[in-house]
Amino acid sequence: MVNYSPVRFDLCVLPDDTILTSREWIEGVGLLERHTLSFEVHALPHQHQRVYDVVKKYPNIQFILDHCGLPFIRDEENMTLWKNGLAKLASCPNVVAKISGLFMMDPNWTTSSVLPIAQQVLKTFGINRSAFD
């Protein structure tokens, strides 16, 4: 069971990714363990590698990848980047994925447009490490 008292941080709205390599910020993430808090991450596919680097430093902190890892751009190159990022994050047992916000990524969504996203998350993280919101 996930202790769902998350600290939520919207990495996806930052102008660049330098915070993900900031020593102070990374050490701050580590403080969550002391307070038994989880970290809900809003990260775009190009940020997944750096998020993975932070996650690996803190195996005792539960991380929640929010909104399916935000696959907004759905061309072949970006979907490959997204799938690879999901796989990397799923390799860490302290990361779960939240299947949510599908309409955010596709305002004209249909079942057939969002189903492959949800299916890929379930395939990559498994049923025991996926949550719906």
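Q: In this predicted model, which exposed residues does the face of H3 turned away from its buried side carry?
A: That face of H3 carries Glu76 and Glu77, both of which are exposed, a label that requires a relative accessible area over 50%.

Q: What makes one side of H3 its buried side, and which residues are buried there?
A: The buried residues of H3 are Met79, Trp82, Gly85, Leu86, Leu89 and Ala90. They cover an arc of only 130° around the axis, which puts them on the same side of H3.

Q: What covers the buried residues of H3?
A: The cover includes helix H2 (48-57), strand E3 (63-65), E4 and helix H5 (111-125).

Q: How do you know that the span of H3 is close to the expected one?
A: Helix H3 (residues 76-90) has 15 residues and reaches 21 Å from its first C-alpha to its last, and this is close to the 21 Å expected at 1.5 Å a residue.

Q: Why is the pair of Lys98 and Glu40 called a salt bridge?
A: The closest N and O atoms of Lys98 and Glu40 are 2.8 Å apart, and because the cut-off is a side-chain nitrogen of Lys or Arg within 4 Å of a carboxyl oxygen of Asp or Glu, the pair qualifies as a salt bridge. Lys98 lies in strand E4 (residues 95-99) and Glu40 in strand E2 (residues 38-42), so the pair ties together parts that are 58 residues apart in sequence.

Q: Are Lys98 and Glu40 buried or exposed, and how do you know?
A: Lys98 has a relative accessible area of 6% and Glu40 one of 2%; since buried means under 20%, Lys98 counts as buried, and so does Glu40.

Q: Which residues are linked with Lys98 in a network of salt bridges?
A: The network links Lys98 with Glu40, Asp66 and Asp133, within a structure that holds five salt bridges.

Q: What makes Arg23 a salt-bridge partner of both Glu24 and Glu27?
A: The N to O distance is 3.5 Å for Arg23 and Glu24, while the closest N and O atoms of Arg23 and Glu27 are 3.2 Å apart, so both pairs fall within the 4 Å cut-off. Being four residues apart in helix H1 (residues 23-34), Arg23 and Glu27 are separated by about one helical turn.

Q: Why is Glu27 called partly exposed, whereas Arg23 and Glu24 are called exposed?
A: Exposed means over 50% and buried under 20%, with partly exposed in between; Arg23 at 52% relative accessibility and Glu24 at 53% are therefore exposed, whereas Glu27 at 42% counts as partly exposed.

Technical notes
Residues are numbered from 1 along each chain as its sequence is written. This is a predicted model: local features need pLDDT of at least 70, side-chain atom pairs count only at pLDDT 80 or more; totals for chains, interfaces and linings use all residues. Side-chain values use heavy atoms; hydrogens and water are left out. Buried means under 20% relative accessible area, exposed over 50%, partly exposed in between (1.4 Å probe, protein chains only). Helices (H or I, at least four residues) and strands (E, at least two) are DSSP runs, numbered from the N terminus. The expected span of a helix is 1.5 Å times one less than its number of residues. The arc is that of the directions from the helix axis to the C-beta atoms. Contact means heavy atoms within 4.5 Å.
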